Each structure stands twice: as C-alpha cells, then as structure tokens.
Amino acid sequence: MSDPPAPTPPAELFSVAGKTVVVTGGTRGIGLMIAGGFVAAGASVIVASRKAEAVEAAVASLSQYGACTGIVADLSTEEGAQRFAGAVGADHDRVDVLVNNAGATWGAPLTEHDTASWDRVLNLNVQGVFHTTVALLPLLTAGATAGEPSRVINIGSIDGIQVPILESYSYSASKAAVHQLTRHLAKRLAPTVTVNAVAPGPFESKMMAATLESFGEQIAESAPLKRIGRPDDMAGVAIFLASRAGAYLTGAIIPVDGGIATLH
Ligand SMILES: NC(=O)c1ccc[n+]([C@@H]2O[C@H](COP(=O)([O-])OP(=O)(O)OC[C@H]3O[C@@H](n4cnc5c(N)ncnc54)[C@H](OP(=O)(O)O)[C@@H]3O)[C@@H](O)[C@H]2O)c1
C-alpha cells in the first residue's frame, strides 16, 4: 500500500497571500477588522465605502501593513454596485474573495418603522449583497475552478438567527434574508464560487457604539465565552473561509458570537 499524501503544512493550508480581496464597508468596524487581517496575511485588499475621507484614511492606515487600495462606492443601488465592479475591473483581471460586509441598521418603536427606514436597511443589507455579488461575478469566476473556487463571504448577524432585544425589525429581517440568500447563491454558483455567511455577535463599531456603551458589560457577561468579539476573531474566520482550508464549505452560516445565539 502506498503512503497517504503528505499533510499540507498550516502555512500553506491557511494562506491567502497574493489573493485579491474586496471588502465592502472595509473602512471601519468589522469590515476594517477583516480587511486588516487580509492585508497582514499578504493579500491585496480593496476596501469600499461611500465617504472618500473614510476610504482614504483606511487605505493610509492599512498600507502600513501591506497592500491596500480603496474605491468610493454606494452599494445600496444596482447602479452603484455595477459602477463599483467597473472600477474594480479597471485595475484587476480577477477577484478571489468578495466580503459583502457593508450594512446599516435602524431601531425604533414598532409604530415608527416607516417605508423609508425599511428601504434604507433592505436596499443595502439585502439588495446590496445581491447586486454586488452579481456585478463582480465575471471577476470572481475569471480564474476560479472547482478545485480552487473563488469565495464570497456575506456578513449576516446573530440577529438573523435569534430574536434581538432591541426593536430593529428591518435589520433582523434583513440579516435572516442574507443567510437564506447565502444558501441560495451557494447552490447556484457552485462549483466555481463558494458562498458562506458569518453571523457575528457583538463587536465594537460605530453601529454598535451606543448599544455597547449602555449594555456592553451585560452583553459580555451574558456570552458563554464572557466577552465581546475582537478583531482577530473576525479576521480569523474570514481568512479560514478564503484559504485552502475553507475550500469545501459552501452555504454555511457560521456564528462568531462567543456562544450567545448558539448556546442559549
Ligand atoms: N458590530 C457588530 O456587533 C455587528 C454584529 C452583527 C453583524 N454586524 C454586521 O457587520 C457589518 C459591519 O457592521 P459594523 O458594525 O462594522 O458597522 P459600521 O461601523 O456602521 O460600518 C459600516 C461600514 O459600511 C459602510 N457603508 C455604509 N453604507 C454603505 C453604502 N451604502 N455603500 C457602501 N458602504 C457603506 C460604512 O462606510 P461609509 O459610511 O463611508 O459608507 C462603513 O465602512 C454589517 O453588515 C453589520 O450588520 C455587525
């Protein structure tokens, strides 16, 4: 009997060096945590968000650690997503990893959720993920094969799994939609593109600032792992999904929440 193949060394198994990675909303919060992880791991990262100053600041900060460029884009409309894909394609002939992270929330008493607030949240959180993925598909499939698929990583939320405490109806509905959209796209885009979702628990960000200021300690205490998330927790799961190690996962919703949604 011949020897089994030699195990792949971890430096190769988890490598994302040289990959082209797009992170939407990569200018702050969770997107910046993920973008930073990829830059430090030797990937070439493109961050995108609406504000030119935020893009400039994120690029300047991340470029200290590796390769990072930025594109100003509003991904809440189909045209915005198409323009963004055009700008990415002007400088790159392929994209290996797309992280659909840009998102918005809205919380108010039940009777104060008007159409405009529903549209704002769903247009970005759900349609934005869909249109950005479709617009970037030619670049995602350009070099991809069944053996080495390109990767889409959607950022959902534990609020799409469990019922949140706050009155954020459009947000929780949008994140449940992101999870199902992930599964639907995963089936459609196999075998050359994997599509998975990460469902974060609480992480420090502008979106979470008010909640963490008021309830941070209680939230950390309520987590089975007794803390809120750290940048490495988010970068680590994204790097895993983007590397050789994550090539056989698709359609998965992965909670990264210290056990908050999964162990209660
Ligand atoms: N933080 C948490 O605890 C937590 C938990 C679960 C899930 N999440 C999810 O994680 C993702 C990131 O959240 P975060 O907490 O880091 O939020 P954040 O601090 O508010 O960051 C949102 C990012 O998205 C960008 N963005 C907003 N609207 C955009 C648009 N129309 N087009 C393009 N970019 C846009 C923002 O930049 P500009 O303002 O410059 O556009 C910013 O870079 C979201 O999908 C959120 O739902 C967060």
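Modeller: Let's begin with lysine 226. The general idea of burial is a count: a residue is buried if 20 or more other C-beta atoms lie within 10 Å of its own, exposed if 12 or fewer, and partly exposed in between, with C-beta atoms placed from the backbone. Lysine 226 has 10 other C-beta atoms within 10 Å, so it is exposed. Its phi is near 60 degrees, a positive value in a residue other than glycine.

Colleague: Where does lysine 226 lie?

Modeller: In the loop between helix α7 (residues 209-222) and helix α8. The names follow a rule: helices (H or I, at least four residues) and strands (E, at least two) are DSSP runs, numbered from the N terminus. Please keep in mind that this is a predicted model, where local features need pLDDT of at least 70, side-chain atom pairs count only at pLDDT 80 or more, and totals for chains, interfaces and linings use all residues. Residues are numbered from 1 along each chain as its sequence is written.

Colleague: Which residues of α8 are buried?

Modeller: They are Met234, Ala235, Val237, Ala238, Ile239, Leu241 and Ala242. An α-helix has 3.6 residues a turn, so residues three or four places apart point the same way. The cover over the buried residues of α8 includes β1, α2, β4, β5, β6 and β7.

Colleague: How do you check the length of a helix?

Modeller: The expected span is 1.5 Å times one less than the number of residues. For α8 (residues 231-242), 12 residues should span 16 Å, and the end C-alpha atoms are 17 Å apart, which agrees. Helix α5 (residues 115-141) has 27 residues and reaches 36 Å from its first C-alpha to its last, close to the 39 Å expected.

Colleague: Where is the kink in α5 centred?

Modeller: On glutamine 127, with a kink of about 45 degrees. The bend at a residue is the angle between axes fitted to the seven residues ending there and the seven starting there.

Colleague: Now the strands, please. How many bridges join β2 and β3?

Modeller: Two strands pair if DSSP finds at least two bridges between them. Strands β2 (residues 44-49) and β3 (residues 67-72) pair in the parallel sense over 6 bridges; valine 45 has cysteine 68 as its bridge partner in β3, and serine 44 has alanine 67. On the other pairing of β2, strand β1 (residues 20-24) joins it in the parallel sense over 5 bridges, with valine 23 partnered by valine 47. Strand β1 also pairs with β4, in the parallel sense over 3 bridges, and β4 pairs with β5 in the parallel sense over 4 bridges.

Colleague: Why is β2 described as largely enclosed?

Modeller: Because 5 of its 6 residues are buried, the rest of the structure largely encloses β2. The chain crosses from β1 through helix α2 (residues 29-40) to β2, and this β-α-β crossover is right-handed.

Colleague: How many residues of α2 are buried?

Modeller: 11 of the 12, so α2 is largely enclosed by the rest of the structure. One of the buried residues is Ala35. Two residues are in contact if their C-beta atoms, placed from the backbone, lie within 7 Å. Alanine 35 touches Val23, Gly26, Val45, Val47, Leu62 and Cys68, not counting residues up to four places away in sequence.

Colleague: Which residues have the most contacts inside the largest nonpolar core?

Modeller: Val22, Ile34, Ala35, Phe38, Val45 and Ala238, in a core of 67 residues. Helix α5 gives the most to this core, with 8 residues. A nonpolar core is a set of buried Ala, Val, Leu, Ile, Met, Phe, Trp, Tyr and Cys residues joined through C-beta atoms within 7 Å.

Colleague: Which peptide bond is cis?

Modeller: The one from alanine 190 to proline 191, with omega near 5 degrees. Proline 191 lies in the loop between α6 (169-189) and β6.

Methods:
Right-handed = clockwise from strand over helix to strand, strands pointing away.
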